[in-house]
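Here's a quick walk through this model. Take a look at the sequence and structure, then read on.

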Amino acid sequence: MSERLLEVKHLQTSFFTDSGEVKAVNDISFNLDAGKVLGIVGESGSGKSVSAYSVMQILDYPGRIKGGSILLKGKDLTTFTSKEMEDIRGERISIIFQDPMTSLNPVFTIGNQIRESILLHTDRNKEEANKRAIELLDLVGINEPARRVKQYPYELSGGMRQRVMIAMALACEPDILIADEPTTALDVTIQGQILELIQDLQQEMGMAVIMITHDLGVIASMCDEIIVMYAGTICERGSADDIFYNPHHEYTKGLIRSIPTLRKEDERLVPIPGSPVDLLNMPPGCAFAARCPQAMEICLEERPGEIVVGPGHSAACWMNVKRFMEMSDPTRSVGATARKES
Ligand SMILES: Nc1ncnc2c1ncn2[C@@H]1O[C@H](COP(=O)(O)OP(=O)(O)O)[C@@H](O)[C@H]1O
Ligand SMILES: [Mg+2]
């Protein structure tokens with residue numbers, strides 16, 4: 001059997017703050033194979049970035065990986081030294097952040113910044129690095145790359161700056177590219193162009209991509225698998241078709257109802273009511289129970305495990321257990337005390 005490129009097992013990451021432990025990522029597991037695109041979707045604050053930063057080990061203080069393992073080709077990154085992780089970052093795994101302006105250094109030319117990344121991670125000399133920087137700018141669709149390398153970030157538009165960030169992330173041909181809401185700061189047309197670029201590059205270079213977004217509608221078409229996160233947990237995972245057309249978690253259903261582009265003419269856009277759970281005081285049951293229109297007693301008491309509902313498709317929702325039990329014995333009804341929304 002071929003080795004998995006990335007295997008995240010039971011990852012737990014918390015911020016140990018003065019007010020207590022903020023459980024940002026709460027036992028999540030996922031795999032990524034070479035050349036595949038994994039989407040991670042969820043509202044703001046659901047733990048998407050913290051999951052990515054855990055993989056890269058670039059967590060802000062006081063954040064710390066508390067449990068679980070992150071295997072890159074079988075080697076557990078959580079046991080790596082910071083020096084060893086430096087080599088992993090940029091060479092094996094790269095990340096593109098949401099806002100290119102905060103990640104580009106305003107006082108250096110973009111050529112300088114791309115070259116630096118190349119010099120740091122490869123044995124190319126300065127002249128070769130410059131040539132490569134120009135090639136990379138060309139690759140990410142920046143016109144007149146030989147002139148652009150001499151420009152400063154402020155001389156470029158937002159979309160161009162994000163292209164530069166992508167060029168930097170690709171400088172060493174990583175095995176995995178993590179794109180953390182790479183288009184959120186951009187307007188809609190540019191958003192589409194950048195996503196298309198990432199998809200083209202992914203196919204050309206054969207790297208694996210983790211595409212993180214709060215907007216399911218934007219990325220669905222490019223993902224081999226989608227993970228839906230809520231309050232640091234995984235609610236549901238499956239193909240884009242499973243998630244869109246056959247969702248088995250009430251949170252996923254809510255997310256879909258809140259996507260404007262997917263609405264049918266007569267359907268209203270419905271935001272998910274209620275506010276996110278307090279990560280300092282995680283409830284014992286399902287994290288979404290307090291906002292779930294279908295919640296039963298058990299949902300408040302016990303956290304549901306992931307239940308397989310189809311090939312490659314699972315959901316952590318007690319409703320599925322109830323459904324299965326009712327299917328096998330129609331006289332039985334689990335947790336029949338479904339709460340009514342007042
Ligand atoms: N530096 C920090 N200190 C304390 N808590 C943090 C910090 N960064 C993130 N968190 C907590 O982790 C949660 C998940 O954050 P994040 O992964 O950034 O969410 P998102 O899904 O929007 O990317 C946040 O809701 C917050 O409670
Ligand atoms: Mg984020």
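## Around Cys 235

Leaving aside residues up to four places away in sequence, Cys 235 touches Val 228, Met 229, Tyr 230, His 249, Tyr 251, Thr 252, Phe 288, Ala 315 and Ala 316 (contact being C-beta atoms, placed from the backbone, within 7 Å). This is a predicted model: local features need pLDDT of at least 70, side-chain atom pairs count only at pLDDT 80 or more, and totals for chains, interfaces and linings use all residues. Residues are numbered from 1 along each chain as its sequence is written, with chains lettered from A and ligands numbered from 1 in the order in which they are written.

## The core

Cys 235 is also among the residues with the most contacts inside the largest nonpolar core, which has 91 residues. Such a core is a set of buried Ala, Val, Leu, Ile, Met, Phe, Trp, Tyr and Cys residues joined through C-beta atoms within 7 Å; buried means 20 or more other C-beta atoms within 10 Å, exposed 12 or fewer, and partly exposed in between.

The peptide bond from Tyr 61 to Pro 62 is cis, with omega near 0 degrees. Pro 62 sits in the loop between helix H1 (48–56) and strand S4 (63–72); helices (H or I, at least four residues) and strands (E, at least two) are DSSP runs, numbered from the N terminus.

Lys 73 isn't a glycine, yet has a positive phi of about 45 degrees. Lys 73 is exposed, with 12 other C-beta atoms within 10 Å. Glu 173, another non-glycine, has a positive phi near 50 degrees and counts as partly exposed, with 14 C-beta neighbours inside 10 Å.

Conventions:
Contact = placed C-beta atoms within 7 Å.
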